[in-house]
Number of protein chains: 2
Amino acid sequence: MTEPSEHHFSTADIDAMAQRYRANFINSLSGFKSANVVGTRSDKAENLAIISSVFHVGANPPLLGMLIRPHTVVRDTLENILSAKHYTINHVGTDWIDKAHQTSARFEPDVSEFSECGLTPWYSPECVAPYVLESRLQIGLTYSEHFTLENDTVLVIGNIQEVIVKGDAMHNDGYVDIEALGSACISGLDSYHQTQRLAQFEYAKPDQPVKKKSPQGTER
Amino acid sequence: MTEPSEHHFSTADIDAMAQRYRANFINSLSGFKSANVVGTRSDKAENLAIISSVFHVGANPPLLGMLIRPHTVVRDTLENILSAKHYTINHVGTDWIDKAHQTSARFEPDVSEFSECGLTPWYSPECVAPYVLESRLQIGLTYSEHFTLENDTVLVIGNIQEVIVKGDAMHNDGYVDIEALGSACISGLDSYHQTQRLAQFEYAKPDQPVKKKSPQGTER
């Protein structure tokens, strides 16, 4: 092993970065991101947008948050959520990352990203927004609240109303094996990854060493 | 290939779940999560806590957000951030996920998770909060603002002041290859994963098919 090189970036270094370089750099720093496409509809069209900022907010009530940048293609998505109050979050599968990425192109407002990107809208009786048929984990939500952050990014929080899990991914303790489902993850703005489990650990206790969980059976 | 089984969960199904089952279930739904440990200090002790909710907020100004649940072990972290105004975010490496997980145990307030979990505090001249020496991507931040969400979870937003990247992970376009750095990701409450890159794509355009990026050299 050679001594690894070390890069140090100060505030001045970051300020001096060209816009695109800086976007790539800062977007890499948070770590791996979830890969989801968000389905909405307006009066005129179905809308689909890849979003790498979906995060867990709480289990009871069941809440998910996501960040939406204004002035981007996802702007339609925000408007649709605020008017229709329903939206879907669909895990991106490792076998269709190219189609999911293509939803980030700036299509005309009345064009459906579903047909343009080769993905199939599907409706549940419970939700007026379209799901992505190809997704193996689909979540239907209703709008709950939103906040505008200091950089005009909007944080949207939704209530989980419905969850569909395709495949034998339910563990006995409630954990959904999203790796077995083939869910992808993202780093930076455009890098897509599959995962490989290293370990699952028991609840940590101060007076005990870390313990691996014994394998959980899947529910049938 | 056999027909995959499909599980459907309604609001009533979710409401009926036992607390622990429900926590495991809902925590699986957002997709893969970033794996970071947050370093802070109080007058009395250095503090370290694993957090799976760090997310990108913006590149200019450079901002990261994270969610902190009240009444959990991470509560000390929140108090330290609000009083000292400085904190560090350190990528968890795939080779020390067990130590990172152990920081989630409920240690006494004056005990340092660094020594209890076998991790090493390290200080930069730029930041009063401790970094984790073992981490290969370290970020120093100052507190910027916070919001309390409907379930009393607190969203903390910080300004990036300093970034240290160890190893040849800087691409020519600013992307940091966090897979090459060995950054881990998380699913659910306790499952840790390594990643394998599938593809990096060019900026998507409506009239062009998805294009893979040509490989980017690393900066030396």
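Strand S11 (154–166) of chain A pairs across the chain boundary with strand S1 (residues 6–10) of chain B, the two running antiparallel and joined by five bridges. Pairing here takes at least two DSSP bridges between the strands, and helices (H or I, at least four residues) and strands (E, at least two) are simply DSSP runs numbered from the N terminus. Within this pair, Val163(A) sits opposite Phe9(B). This is a predicted model, so local features need pLDDT of at least 70 and side-chain atom pairs count only at pLDDT 80 or more, while totals for chains, interfaces and linings use all residues. Residues are numbered from 1 along each chain as its sequence is written, with chains lettered from A and ligands numbered from 1 in the order in which they are written.

Zooming out to the whole interface, 95 residues of chain A are in contact with 95 residues of chain B, contact being C-beta atoms, placed from the backbone, within 7 Å. On the chain A side, strand S13 (residues 191–200) gives the largest share, 10 residues. Sorted by class, that side has 43 nonpolar, 36 polar and 16 charged residues. For the bookkeeping, Ala, Val, Leu, Ile, Met, Phe, Trp, Tyr, Cys and Pro go down as nonpolar, Asp, Glu, Lys and Arg as charged, and the others, Gly among them, as polar.

Now for helix H3 (residues 75–84) of chain A, where Thr77(A), Leu78(A), Asn80(A) and Ile81(A) are buried. Looking down the axis of H3(A), these buried residues fall within an arc of 165 degrees, so they line one face of the helix; the arc is taken from the directions from the helix axis to the C-beta atoms. Buried stands for 20 or more other C-beta atoms within 10 Å of a residue's own, exposed for 12 or fewer, and partly exposed for anything in between, with C-beta atoms placed from the backbone. The cover over that buried set includes strands S3 (36–41), S4 (46–51), S6 (62–68), S7 (86–91), S10 (137–148) and S11 (154–166) of chain A.

Lys85(A) is partly exposed, with 14 other C-beta atoms within 10 Å. In chain B, Lys85(B) likewise has a positive phi near 70 degrees and is partly exposed, with 14 other C-beta atoms within 10 Å.

Finally, a cis peptide bond links Asn60(A) and Pro61(A), with omega about 0 degrees. Pro61(A) lies in the loop between strand S5 (55–59) and S6 of chain A. Chain B has a cis bond between Asn60(B) and Pro61(B), again with omega about 0 degrees.

Methods
Contact = placed C-beta atoms within 7 Å.
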